[in-house]
Amino acid sequence: MKKLNVIIALILSSFIYSCQPSGPALEERGIIPIPSEVSSSNGTFELTSSSAIQLIGDQASLSPIANYFAAEVSQSTGFDIQVGETGDLVFELTGNNPSDESYQLEIGKDQVKILANSPAGIFYGVQTLLQAFPAEILSNEKKSVAWVAPTGTISDSPEYAYRGAMLDVARHFIGMEDVKHFIDQMAHLKLNYFHLHLTDDQGWRIEIKSWPRLTEVGGSTEVGGGESGYFTQADYQEIVNYAAERFITIVPEIDMPGHTNAALASYGELNPGINLPDGDLSTVNKPVHGSEIDFSSKMIIREPAELYTGTEVGFSTFDTDLELTYQFIDDVVRELSAITPGPYIHIGGDESHVTRKDDYIVFVEKVQDIVQKYGKTSIGWDEIATAKLLSGNIAQFWADEENAGLAVGQGNKILMSPAKKAYLDMQYDSTSRIGLHWAAYIELDSAYLWDPAKYASGITKSDIFGVEAPLWTETVENRTDIDYLVFPRLAALAEVAWSPANTRDWTSFQNRIRELGKSWDNQGVKFYRSPKVTW
Ligand code: TNX
């Protein structure tokens with residue numbers, strides 16, 4: 001009997017031992033984008049209430065990253081992680097090269113080290129470390145979980161310097177909290193540029209102090225006619241700072257000369273208006289609200305356009321011959337540049353279907369000069385390449401390979417946003433509850449399976465500045481809609497932008513995204529449960 005007990009005890013203990021959760025290896029931890037090199041060893045590191053962060057290198061740039069890490073894990077773990085003289089989490093700046101985004105992450109049993117030549121690199125190491133812990137680590141509520149990460153070493157650096165996402169806050173206004181939520185999620189995916197589409201036919205969303213009616217009038221409605229809003233300059237600066245704390249640069253867009261109805265509704269004097277028979281003013285109706293008759297030419301009546309709440313494109317244009325147009329743009333670019341620390345101003349330039357081709361070219365060239373005068377570099381949709389681009393300016397490829405070819409021919413770089421792959425507003429399939437499908441249906445595998453360097457003829461790796469995934473909001477009204485269209489596809493596009501083509505693998509991604517799905521569930525992100533993944 002005694003013998004039997006011993007045998008049972010032995011069997012039981014070996015069974016229990018074999019079931020000890022050694023946990024998944026580092027390769028299986030769901031790290032997205034996939035790092036360049038991962039090697040795992042056989043152990044775990046545990047984050048505890050006595051964990052502390054030691055900073056080696058410039059404290060002023062490292063301590064905000066330490067605070068970020070502590071805040072990200074505080075709710076789920078309940079730990080109040082401090083910076084100390086020593087610590088089991090070491091963030092070490094090994095050089096001083098702000099443009100080097102690479103990092104090394106060493107997870108040992110007793111200590112984690114993140115090494116990089118720039119604060120951005122340390123921040124990306126932090127993101128990878130967060131993904132190495134159980135998915136509950138980003139939960140907004142306390143969880144009883146062993147906070148263990150598998151041991152091993154990761155060396156990583158991005159393929160493209162510009163890894164972006166765009167949010168259209170013009171078609172439907174998206175408020176501060178949802179914008180911050182979007183930025184939080186971008187940061188977890190190591191994206192570093194956030195393009196804000198601030199103006200369009202349906203709305204003007206950024207306060208311009210010298211032209212207040214832009215937001216008073218132009219910011220008063222949106223697609224469908226609902227009440228909407230705009231960002232004051234203080235709001236905008238709050239967004240800039242919030243993004244900067246996450247190593248994300250804001251790229252503000254003023255779309256022109258088309259997509260300008262909201263501006264033309266705010267200021268009638270900018271509106272090209274109606275051509276009148278020469279000299280005959282008797283047939284002119286007295287213009288309404290603040291509009292003017294240009295008596296010097298006796299040709300044109302300018303009055304404010306009607307506010308527009310539909311979803312057509314390509315019907316509006318600035319008057320490219322009018323001096324006031326350029327004074328206006330100068331004021332807008334001056335005010336916007338003053339509150340934009342990043343190097344880029346996006347000048348739009350897409351779908352200007354009612355602007356004459358020659359006028360369009362003159363216009364784009366003049367606007368580029370204004371942007372340059374305020375010390376900024378222009379980005380524009382691919383149509384801008386029909387004009388003579390200033391050196392260093394960037395064309396954002398969305399639809400027309402020929403335009404992209406014109407940019408490359410001029411020695412300018414391309415930002416890759418092919419609508420058939422990178423447009424987050426495209427439906428997943430014909431049953432998707434919101435979204436458009438003029439370019440394609442884009443399921444998760446389609447968003448993942450493409451190579452920017454091979455996508456378009458005439459655009460090779462060295463021509464590409466980066467990759468950006470835009471979310472247009474004709475059909476998007478709130479956070480739930482954003483989450484549904486953006487996730488999980490943004491994770492696929494982030495991996496396309498960060499990880500070299502030869503490290504990407506769809507089967508591996510399908511497994512890793514499952515972990516990210518758990519993390520999104522813990523954060524309350526209502527992502528689309530693509531049937532391409534067993535969640
Ligand atoms: C095309 S892409 C547009 C946008 C629309 C989008 C909808 C581009 C430069 N212009 O104005 O919102 O399609 O998918």
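Contact here means heavy atoms within 4.5 Å. Helices (H or I, at least four residues) and strands (E, at least two) are DSSP runs, numbered from the N terminus. This is a predicted model: local features need pLDDT of at least 70, side-chain atom pairs count only at pLDDT 80 or more, and totals for chains, interfaces and linings use all residues. Residues are numbered from 1 along each chain as its sequence is written, and side-chain values use heavy atoms, with hydrogens and water left out.

**Stop 1: two helices**

Select 323–338 and 357–373, which are helices α8 and α9. They pack at an angle of about 35°, with axes 10 Å apart. Axes are lines fitted to C-alpha atoms, for helices over the stretch in contact, and angles run from 0 to 180 degrees between N-to-C directions. Now show side chains. From α8, T325, Y326, I329, D330 and V333 meet F363, K366, V367, I370, V371 and K373 of α9.

Stay on α9 and pick Q368. Q368 is buried, at 2% relative accessible area. Buried means under 20% relative accessible area, exposed over 50%, partly exposed in between (1.4 Å probe, protein chains only). Beyond residues up to four places away in sequence, Q368 touches I347, S378, K388, L389, L390 and N393.

**Stop 2: the nonpolar cores**

A nonpolar core is a set of buried Ala, Val, Leu, Ile, Met, Phe, Trp, Tyr and Cys residues joined through side-chain atoms within 4.5 Å. Select L47, F69, F91, F194, W204, F328 and L490: of the 150 residues in the largest core, these touch the most other members. Color domain 1 (21–156) and domain 2 (163–253 + 387–523); both give residues to this core, so it lies between them. The domain bounds come from an automatic or database domain assignment.

Center on F69. Leaving out residues up to four places away in sequence, F69 touches I53, I81, L89, F91, V126, L129, L130 and F133. Another core, of eight residues, lies apart from the largest one; Y193, I379, I394 and F465 are among its members.

**Stop 3: E253**

Go to strand β12 (residues 249–256) and select E253. E253 is buried, at 0% relative accessible area. Its side chain makes polar contacts with the side chains of H195 (2.7 Å) and H197 (2.8 Å). A polar contact is a pair of N or O atoms within 3.5 Å; within protein, one must be able to donate a hydrogen and the other to accept it, and residues adjacent in sequence count only if both atoms are side-chain atoms. E253 and H195 are 58 residues apart in sequence, with 7.1 Å from C-alpha to C-alpha. Residues touching E253 also include M166, H346 and W381.

**Stop 4: the loops**

Follow β12 to its end. A cis peptide bond joins M256 and P257, with omega about 0°. P257 sits in the loop between β12 and α7 (261–266). H259 lies in that loop between β12 and α7. H259 is not a glycine, yet has a positive phi of about 55°. H259 is buried, at 2%.

Next, select E351, in the loop between β16 (344–348) and α9. E351 has a positive phi of about 45° although it is not a glycine.

Finish at F487 and P488, joined by a cis peptide bond with omega about 15°. P488 lies between α14 (479–486) and α15 (489–498).
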